[in-house]
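Open your viewer and keep the sequence beside it. We will go from stop to stop, selecting as we go.

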Amino acid sequence: AMSLFGLLRTSAVRTLAASALRRQAAPAHARFASVFVRNLPYSITEADLADHVRTVVNSNEPFKVRLIKDRETQRLRGFGFIDCTDEMCDELTDVESIEIFDRPVYLSKATPREPPPSVPSTTLIVLGFDDPEAVQSEQLMAAF
């Protein structure tokens with residue numbers, strides 16, 4: 001079992017390596033995007049998916065494959081992402097699907113998640129008073 005420090009260090013090294021690879025091989029004007037990959041076999045590895053991507057795209061541009069795992073069981077969830085240049089993203093999403101291990105795998109442009117709704121900044125949540133609805137401003141001033 002790897003320590004938390006070891007996991008963080010390994011993750012940081014991977015992130016730095018991917019970042020350095022992008023800077024080296026991608027043109028300075030290149031923009032980056034992500035491709036959402038779904039219906040992946042649960043037995044696939046990042047290397048397997050990367051190999052299949054290389055057969056679809058005729059490019060030496062760098063890219064990164066991320067397979068998403070369940071937080072508790074660490075089993076693959078059947079989807080992932082390919083981080084790549086916009087041009088490579090367009091090329092992959094034009095294909096729409098590829099066959100991996102006799103299974104159709106679907107590719108689409110990833111869209112950013114909507115941020116969760118937040119409590120407006122003008123709202124103050126007060127705990128520790130018997131009746132929060134009846135709290136007077138003087139009581140709040142004394143508490144803070």
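How many salt bridges does the structure hold? There are four. A salt bridge here is a side-chain nitrogen of Lys or Arg within 4 Å of a carboxyl oxygen of Asp or Glu. Side chains of opposite charge can pair when their charged atoms come close.

Some ground rules come before the tour. This is a predicted model, where local features need pLDDT of at least 70, side-chain atom pairs count only at pLDDT 80 or more, and totals for chains, interfaces and linings use all residues. Residues are numbered from 1 along each chain as its sequence is written, and side-chain values use heavy atoms, leaving out hydrogens and water.

**The whole chain.** Colour by secondary structure. From the N terminus on, the order is α-β-α-β-β-α-β-β-α. Of the 144 residues, 25% count as buried. Buried means under 20% relative accessible area, exposed over 50%, and partly exposed in between (1.4 Å probe, protein chains only).

**Helix α2.** Select residues 46–56. The buried residues of this helix are Leu49, Ala50 and Val53. They are on the same side of α2, because they cover an arc of only 100° around the axis. That arc is taken from the directions from the helix axis to the C-beta atoms. Arg54 and Thr55, on the other side, are exposed. Arg54 forms a salt bridge with Asp51, with the closest N and O atoms 3.4 Å apart. Both lie in α2, three residues apart, about one turn of the helix.

**Strands β2 and β3.** Select Asp83 and Arg66. Their salt bridge has its closest N and O atoms 2.8 Å apart. The pair links distant parts of the chain: Asp83 is in β3 (residues 76–85), Arg66 in β2 (residues 64–69). Which of the two is buried? Asp83 counts as buried, at 9% relative accessibility. Arg66 counts as partly exposed, at 29%.

**Helix α3 and strand β5.** Select Asp86 and Lys109. Their side chains meet in a salt bridge (4.0 Å, N to O). Asp86 lies in α3 and Lys109 in β5 (residues 104–109), so the pair ties together parts 23 residues apart in sequence.

**Last stop, Cys89.** This residue is found in α3. Cys89 counts as buried, at 0% relative accessibility.

Definitions and conventions. Helix = DSSP H or I, 4+ residues; strand = E, 2+ residues; numbered from the N terminus.
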